[in-house]
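Hi everyone, thanks for making time. Let me put the structure up on the screen, and then I'll walk you through it.

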Amino acid sequence: MLGSPGVVVMRRQRAHRESARRHRGNHRGPAQGAGRRLLAKCFGLGLSLSVVTTSVRTAVAGETYLELRRLALAWGMTIPTHTKDLVLLKSSWTTLEFVPQTRQLRLNGTLIWLNDTVSDVKGQWCINAVDRSRTIEPILAPSRHLAGMPGPPVLLDPGHGGEDVGAPSRTGDWEKDLTLALARRVRIHLANAGVRAVLTRDDDRTLSLETRVQMIRRTRAGVFVSLHFNTAPSPSVYGVETFALTPQGYSSTAGGDSPSRRSLWCSGNRFDAANVVLAYRIQRSLRLWLGNDHDRGVRRARFQVLRDATCPAVLVEAGFLSHTPTARRLASAEYVDVLAQRIAAGIVEYVHAVEAARTSSTAVPAKR
Ligand SMILES: [Zn+2]
């Protein structure tokens, strides 16, 4: 149905109802917008992505949903597979696998939890506009979203410390000691790549969450990475996950946000686009090393250090201490060193993307 509007405006509660109205007039379709396309260099993905610059208006107290087939056109991708279990968008370099009726997307193989469900609206699979603007396009075309973001030093935040021991490991270690060991190794690998890093704590001391965030200003840090390890009631749960702040108005991945919590505007929301790029780069780096089965994805949460951060910030849960094989590996300095190297590699990619965005924003945009 080429030529029909690609934007559907509706209340979130009615996401699955047939009664949703198609919203005309505010959206310039891909064909109309073609003349306004800019070539955006996509860092790390090795492609030049054509991005439609047309804006989309969101209805008051409503949600804007975008048809995936329309987005595929805008992104220069095709939809070779479209079933009830999977909507696959593909270009030469990029694969987007959306799982209908869930919040799951695999972007070039890395799991990303969307801010809203992939929904069926009048027979078309749609995503919320927030996931176009605050999730997918920043990752695919970072140069358009990272210009003006600060660079190093990187502030590494080893979780817990002092009286706050964190989670216990199956091998008898404490999370606070493992996070410090990891942060020190990440700092070394960043230094090897020419990226300066400082730590919120370099010894075993109690540090409030407020103090950790205040250190962003004190150290003039442009990147904040909090390092933690996970624990779960079930000893069989394993894997790594990277958290970025939930955009205003949306539910965190774990759910349970009250309406007032969802509507809260946080300092960290100024960096929504950069937060998700940083999270994606780290999570991707870890997945490529550990394998897909360890990939618990880029997730959203309103952790205090992410809410109050005054620069782009993420929180990495670098393994489950309640999972015996993981706990055993973390007892080895060699394993911790490779883990640190992979986290550092993701941070370095992000820092380079910020530098590239700075350079390209001063250049004359390419037209076609
Ligand atoms: Zn922790």
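This is a predicted model: local features need pLDDT of at least 70, side-chain atom pairs count only at pLDDT 80 or more; totals for chains, interfaces and linings use all residues.

Let's begin at helix α3, residues 129-140: nine of its twelve residues are buried, so this helix is largely enclosed by the rest of the structure. The buried ones are Ala 129, Asp 131, Arg 134, Thr 135, Ile 136, Glu 137, Pro 138, Ile 139 and Leu 140. How far apart are the end C-alpha atoms of α3? They are 15 Å apart, which agrees with the 16 Å that twelve residues should span at 1.5 Å a residue.

The mean pLDDT is 85, and 82% of the residues reach 70 or more. Two stretches need care, though. Over residues 8-61 the pLDDT is below 50, although the model has 107 contacts there beyond near neighbours in sequence. Residues 1-6 also stay under 50, with nine contacts beyond four places in sequence.

Now the overall picture. The protein has ten helices and 18 strands, and buried residues make up 48% of its 368 residues. Of the contacts between residues at least 6 apart in sequence, 70% join residues at least 24 apart.

Next, strand β15, residues 223-230. Eight of its eight residues are buried, so β15 is largely enclosed by the rest of the structure. In a regular strand the side chains alternate between the two faces of the sheet. Here Val 223, Val 225, Leu 227 and Phe 229 point one way, while Phe 224, Ser 226, His 228 and Asn 230 point the other way, and all are buried.

Val 223 takes us to the largest nonpolar core, which has 93 residues; the ones touching the most other members are Val 154, Val 223, Val 277, Val 314 and Ile 347. Helix α10, residues 333-362, gives the largest share of this core, 13 residues. At least three core residues come from each of domain 1 (7-144) and domain 2 (154-359). Leaving aside residues up to four places away in sequence, Val 223 touches several residues, including Val 154, Leu 278, Pro 312, Ile 347 and Tyr 350.

β5 pairs with strand β12, residues 124-128, in the antiparallel sense over three bridges, and Leu 66 stands opposite Ile 127.

One more helix: α4, residues 175-192. Its end C-alpha atoms are 26 Å apart, and that agrees with the 26 Å its 18 residues should span at 1.5 Å each. Its buried residues include Leu 178, Leu 182, Arg 185 and His 189. Just after α4, Gly 194 takes a positive phi of about 80 degrees.

And finally, is Ser 91 buried, partly exposed or exposed? Ser 91, in the loop between β7 and β8, is partly exposed, with 17 other C-beta atoms within 10 Å.

Notes: Residues are numbered from 1 along each chain as its sequence is written. Two strands pair if DSSP finds at least two bridges between them. Helices (H or I, at least four residues) and strands (E, at least two) are DSSP runs, numbered from the N terminus. A residue is buried if 20 or more other C-beta atoms lie within 10 Å of its own, exposed if 12 or fewer, and partly exposed in between; C-beta atoms are placed from the backbone. Two residues are in contact if their C-beta atoms, placed from the backbone, lie within 7 Å. A nonpolar core is a set of buried Ala, Val, Leu, Ile, Met, Phe, Trp, Tyr and Cys residues joined through C-beta atoms within 7 Å. Domain bounds come from an automatic or database domain assignment. The expected span of a helix is 1.5 Å times one less than its number of residues. pLDDT is the predictor's confidence in each residue, from 0 to 100.
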